[in-house]
Amino acid sequence: MDVLDCMHRSNMQLRTSLEHKCDEEGLREVEVSSTEKKYVGNEDEGDSDMEVEEDDSDGRAEDVDDAANEVGNEAGNAANVNDAGNQVEEYRDRADNFGRNIMQRIQWPVQDLQEGCMWTRTLMEHFAIYFRRVLSNSFYPVLQGAIGVGSAFEGWSPREQDVVYQVLIPMTPPRGHSFHLELGTAGQRHLRNFQIRVQQECTCTSEKQGENMLCFLHHPEEELRRHQDPSLLHTLCTGSYLDVEKTARWFYQVVRAIWPALLESHHWHLVLLPPRRSCQFKVTNGRESYRIEMLFGVRQGNSDVFVSSQPRQAHTSSTIWPESYAVAEMKFFRYIARRAPPDSLHLKCLQFFTRLQLGLGFSTYTIKTIVMHLLSILPVSQWCRRNFVRRLMDISESLRACVEIRRLNHFIVGNQRLPGGIILPPEVLMARPCNLFHDLVMDPVAHSQAMSQYVDLQHWLKRILKDGQ
C-alpha cells in the first residue's frame, strides 16, 4: 500500500472518529457541507484526554480529494489480510519511517529556542532591577516583571533564523495616578480596542503621612512646577489618554540609559531599532545574536488578557491599545507541553505549516489558531512521529474547510473550555465567537483569492509529502 494513501485513509478514519466523539462531548459544530463537518469551536481541557478509535484495517473510503478516492481500493485489499494486528503494526512502522523521512527533509531553525528564552528571561530580570531603581520616585508608569509571549516562548518559530523573542512588560499607574480602560467604538463587533485614560488622584493623605509628594489636584501649578516632576498626563499622554508611541520612545530612552549598567553590556553589543509601538533591539557577542521585542500593556483585572502596544493593523492610532491574548495563548501551549509525551511533534507541525504558507497570503496567526483548536480536540498522544503527516493533513483540511465556509473562530474569545489556569475577563469569556475570517464574508474577491491561495498551499504540501516517500 502506498504510504501517502495509507496516511490519507487513516486521516479520514480519524476525522470520522473525532466527529462521533465531538458529538458526544457537545463541541460546537460549523457546517461545511451536507456531508462534512469541522469542529473549530471552544474545546474544553477534558477533550485532550479523549480516546480516539483508529481501526486501521477498516475499509471505509471517503470522497474528500483525489488521494482519498484511491483509499477504497486499498482498504478493500487490506480487509483480506488475515492477521490484522500485523497489518496495523506494519502500517505504524511505515508511518513512522515516512514521518522520519519527511522530518529529515525539513530544515528546522538552527537557533536553540529554549536557550534563547532563558537568556532573554535573565536579561529582563536584570532590566527589572534597574527599572525599579531608576523609576521608583518618578511619575512614569511602574514597570512589572516581563512575561515571555509569542512563538519563541511558545516553543516554535515561523522562520528559519529570524527568531524574535517577545516579552510583555505589564505597567501599573505611578503615584497619584490611575488607569481606566475605555472600550473603543471602532471594531467592537470583532476584536476589541481600548484607550487608557489617565486620571490624577488625590494624595493629600499621603502628604500628611510624611511622603515626599505634592498632590497634583490640590497644590498650585507653580508650586508643582518648582518642586515636583511633571504628571504622567504631561509626559506620555495625548490629551487624557496614554500614548503608545510616546511610551515607546520613553521606553527606548530608559533601555539605552540602563544598558551600560548591566553585566551583559560587558560581553554583548546592543543595537537599538527605531521605536514606534514597542522597543526592539538586537544583542550580539560575535558568535550569537538575539532579537528582542519589548511590548508593554495594562492587565485587565487579575486576568491573562491585556491591552497591549502591539497593533493589529499597520496604521493603528497612537492612543489605541488593542486587546491582547498573547499571555493566555502562551499559557495554553505551556499547558499542552506539560501533558505531551517527549516525542510529541505538535510544535513541529505548527512550525512546518507556518513556514510552508509564508508568502501565500494566510497569516501565521491563522495557522496557529487552527493548530490550537486541533490540540484541544486531539489527545497529545496523537502528535507523535508516526502521526506527523496525518496531523499536517488535519491542518490542511481544517484550513480548507474554514476558508470555504468563511469562518475561523478565535481560540481565546468566548472559549469557556480553556484549562483552569488561564483566566479571562468575564466579558471575554462570555463573548460571542469572533470570526477571524470576517473579511472573507464581506469581500467575495478576498474569498476567491483565499481559495486560490489554499490550492497553491495544498500543491506544495502534496509535493513535499510525495517527495518524502
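Reader: How many bridges join strand 7 to strand 14, and in which sense do they run?
Author: Strand 7 (residues 193-200) and strand 14 (residues 321-324) run antiparallel and are joined by 2 bridges. Strands are DSSP runs of E with at least two residues, and helices are runs of H or I with at least four, each numbered from the N terminus. Two strands pair if DSSP finds at least two bridges between them. This is a predicted model, in which local features need pLDDT of at least 70 and side-chain atom pairs count only at pLDDT 80 or more, while totals for chains, interfaces and linings use all residues. Residues are numbered from 1 along each chain as its sequence is written, and side-chain values use heavy atoms, with hydrogens and water left out.

Reader: Which residue of strand 14 is the bridge partner of F194?
Author: F194 has W321 as its bridge partner. Strand 14 also pairs with strand 13 (residues 306-308), in the antiparallel sense and over 2 bridges. There, F306 is partnered by S324 of strand 14.

Reader: Now the helices. At what angle do helix 11 and helix 12 pack?
Author: Helix 11 (residues 346-356) and helix 12 (residues 364-377) pack at about 155°, with axes 10 Å apart. Axes are lines fitted to C-alpha atoms, for helices over the stretch in contact, and angles run from 0 to 180 degrees between N-to-C directions. Helix 11 is therefore roughly antiparallel to helix 12 (under 35 degrees counts as roughly parallel, over 145 as roughly antiparallel, 65 to 115 as roughly perpendicular and the rest as oblique).

Reader: Which residues make that contact?
Author: Helix 11 contributes H346, L350, F353 and T354, and helix 12 contributes T364, I367, K368, V371 and L375. Contact means heavy atoms within 4.5 Å.

Reader: And helix 12 with helix 13, at what angle do they cross?
Author: The axes of helix 12 and helix 13 (residues 388-405) cross at roughly 115° and come within 10 Å. Helix 12 is thus roughly perpendicular to helix 13. On the helix 12 side the contact involves T366, I367, I370, V371 and L374, and on the helix 13 side D394, I395, S398 and L399.

Reader: A change of topic: where is S265 found?
Author: S265 lies in the loop between helix 9 (244-258) and strand 10 (269-272). Leaving aside residues up to four places away in sequence, S265 touches W259 and P260. The S265 side chain reaches the backbone oxygen of W259 at 3.4 Å.

Technical notes. Polar contact = N/O pair within 3.5 Å; in protein donor to acceptor, adjacent residues only side chain to side chain.
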